[in-house]
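Here is a friendly walk through one protein model, arranged by topic so that you can follow along in your viewer. Have the structure open and colour it by secondary structure if you like.

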Amino acid sequence: SSMAGPVRRGLPWRRGLAPWRGCRCLTTPPCRRPPGTGYWPPPSSGTPVPGSYSWGTEAESIQVPGGNSALFIGAHFLRQWYSITCPQQTRVYISIPYWANHASAFFEVGFEIYGYRYWNSEKLCLALPWLLEDLEKAPEFSIVLLHIVAHQPTATDPTPSEWMQIAEVMKRKRLFPFFYSAAQGLATGDVQRDAWPVRHFVNERFELFCAQSFSTNFTLYNEGVGSLTIVSRNNQTLVCIRSQMEALARNTWSNPPWFGARIVATILNNPAFFAEWQENLKKIVERLMLTKEKLKEELRTLGTPGPWEHITRQVGMYIFPGFTGSQVDYLMKRLHIYLSANAQINVSKVTSPNLAYVARCIDEAVVSSAK
């Protein structure tokens, strides 16, 4: 399968921190928090949005059982309260292509879902002119879901200058940013650099939500660890929002799991552990980049039709090669290379022993579809 799970030399890679840091966290006294908020420190340097800014913007976070839960509770809050501020029917814009869970989180609470074009399937790159055009056409006060880094499913992110253009349009149109982060540190290997887009929006004085998952960058897939960060220019408003979020969380899941959250909180707030975690992320990214480069060169050696430069420009654990539906079917049904229906491939599943085989299968699928 080429769909999930980091692998090193054909076996899962157990990062240095996870096994024994968890034992340390079990002996740590629990943090007393109101029901529903879980075990969660204030936003720190390991999260996209630090706790405060010099000109008065404040940030608060609550713990949630994973990134999708952060999206759901944020969507639920906005559906209940944002409509009071904006009486008209509010639209939610998500990228095309999109991650299925993201659309359902907003659809289930009653939002109208619209798309903004994100991917140019002919040029195999970000469709920035189309994206900006769609944002320009969006009604004022619409909610826009943005991936901070390692966009799902395209693995293609805007550059800082492109993010600035997106922020300029959204500020002028008074659109509300709802950020999502599932791979901070796994795009460039630098958690601070990966957080730049959302911090730029905060510096531009946006109020926003930021949903974050720690499943991937801490290898805590089964622990349900995430956070929802709220950024507001008014501290009293922030207090009110947090109160409503606590009530929603209490009614939805009572208290989120603590074990994984205590691992994350311990690492983020211990300088030595935090440095070790960052070094782990850097090594993972270097390995992913090397694998993408080797796969590209192997496809070139085989003479596989089509451009392949885009897979080394893409970031994170995945590549989005742009296969057609028939090519995906051929890979799965004829060659038993299993990938998602939209052709997203988890590069961490491509290892030294199987890289040449994967490349040959891709070549065969592409050539067969051209006949």
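Just after helix α7, arginine 205 adopts a positive phi of about 70 degrees. Please keep in mind that this is a predicted model.

- Helix α7 spans residues 196-203, and because six of its eight residues are buried, the rest of the structure largely encloses it.
- The buried residues here are Pro197, Val198, Arg199, His200, Phe201 and Val202.
- Which elements do the buried residues of α7 pack against? They meet the strands β8, β9 (176-181), β10 (208-213) and β11 (226-232), along with the helices α5 and α6 (191-194).

**Histidine 147, in one of those strands**

- Strand β8 covers residues 143-147, and histidine 147 belongs to it.
- Is histidine 147 buried or exposed? Its relative accessibility is 5%, so it counts as buried, the cut-off being under 20%.
- A polar contact of 3.4 Å links the side chain of histidine 147 to the side chain of histidine 102.
- Once neighbours within four places in sequence are set aside, the contacts of histidine 147 are His102, Gln152, Trp163 and Tyr180.

**Two helix pairs**

- Helix α4 (residues 128-137) and helix α5 (residues 160-173) have axes that come within 9 Å and cross at roughly 10 degrees.
- That crossing angle is why α4 counts as roughly parallel to α5, a label used for angles under 35 degrees.
- On the α4 side, the contact is made by Leu128, Leu131, Leu132, Leu135 and Glu136. On the α5 side, it is made by Glu162, Gln165, Ile166, Val169, Met170, Arg172 and Lys173.
- Sorted by class, this contact of α4 with α5 holds seven nonpolar, one polar and four charged residues.
- The axes of α9 and α10 are 6 Å apart, and these helices pack at an angle of about 100 degrees.
- The pair α9 and α10 is therefore roughly perpendicular, as angles of 65 to 115 degrees are.
- Thr266, Ile267 and Leu268 of α9 meet Phe273, Phe274 and Trp277 of α10. By class, the residues of this contact are five nonpolar, one polar and no charged.

**Nonpolar cores**

- In soluble globular proteins, nonpolar side chains tend to be buried together.
- How many residues does the largest nonpolar core have? It has 42, and Phe218, Trp277, Phe323, Leu331 and Leu339 are those with the most contacts inside it.
- Two or more residues of this core come from each of α9 (259-268), α10 (271-302), β12 (318-319), α12 and α13 (355-370).
- Helix α10 gives the largest share of this core, with eight residues.
- Another core, of 32 residues, lies apart from it and includes Ile94, Ile241, Met245 and Trp253.
- Leucine 331 touches Phe323, His336, Ile337, Leu339, Cys361, Ile362 and Ala365, leaving out residues up to four places away in sequence.

**Tyrosine 330**

- Tyrosine 330 sits in helix α12, which runs over residues 325-334.
- With 15% relative accessibility, tyrosine 330 counts as buried.
- Beyond its neighbours within four places in sequence, tyrosine 330 contacts Leu335, Glu364, Ala365 and Ser368.
- How far apart in space are tyrosine 330 and serine 369? Their C-alpha atoms are 8.7 Å apart, while 39 residues separate them in sequence.

Notes: Residues are numbered from 1 along each chain as its sequence is written. This is a predicted model: local features need pLDDT of at least 70, side-chain atom pairs count only at pLDDT 80 or more; totals for chains, interfaces and linings use all residues. Side-chain values use heavy atoms; hydrogens and water are left out. Helices (H or I, at least four residues) and strands (E, at least two) are DSSP runs, numbered from the N terminus. Buried means under 20% relative accessible area, exposed over 50%, partly exposed in between (1.4 Å probe, protein chains only). A polar contact is a pair of N or O atoms within 3.5 Å; within protein, one must be able to donate a hydrogen and the other to accept it, and residues adjacent in sequence count only if both atoms are side-chain atoms. Contact means heavy atoms within 4.5 Å. A nonpolar core is a set of buried Ala, Val, Leu, Ile, Met, Phe, Trp, Tyr and Cys residues joined through side-chain atoms within 4.5 Å. Axes are lines fitted to C-alpha atoms, for helices over the stretch in contact, and angles run from 0 to 180 degrees between N-to-C directions. Angles under 35 degrees count as roughly parallel, over 145 as roughly antiparallel, 65 to 115 as roughly perpendicular and the rest as oblique. Ala, Val, Leu, Ile, Met, Phe, Trp, Tyr, Cys and Pro count as nonpolar, Asp, Glu, Lys and Arg as charged, and the others, Gly among them, as polar.
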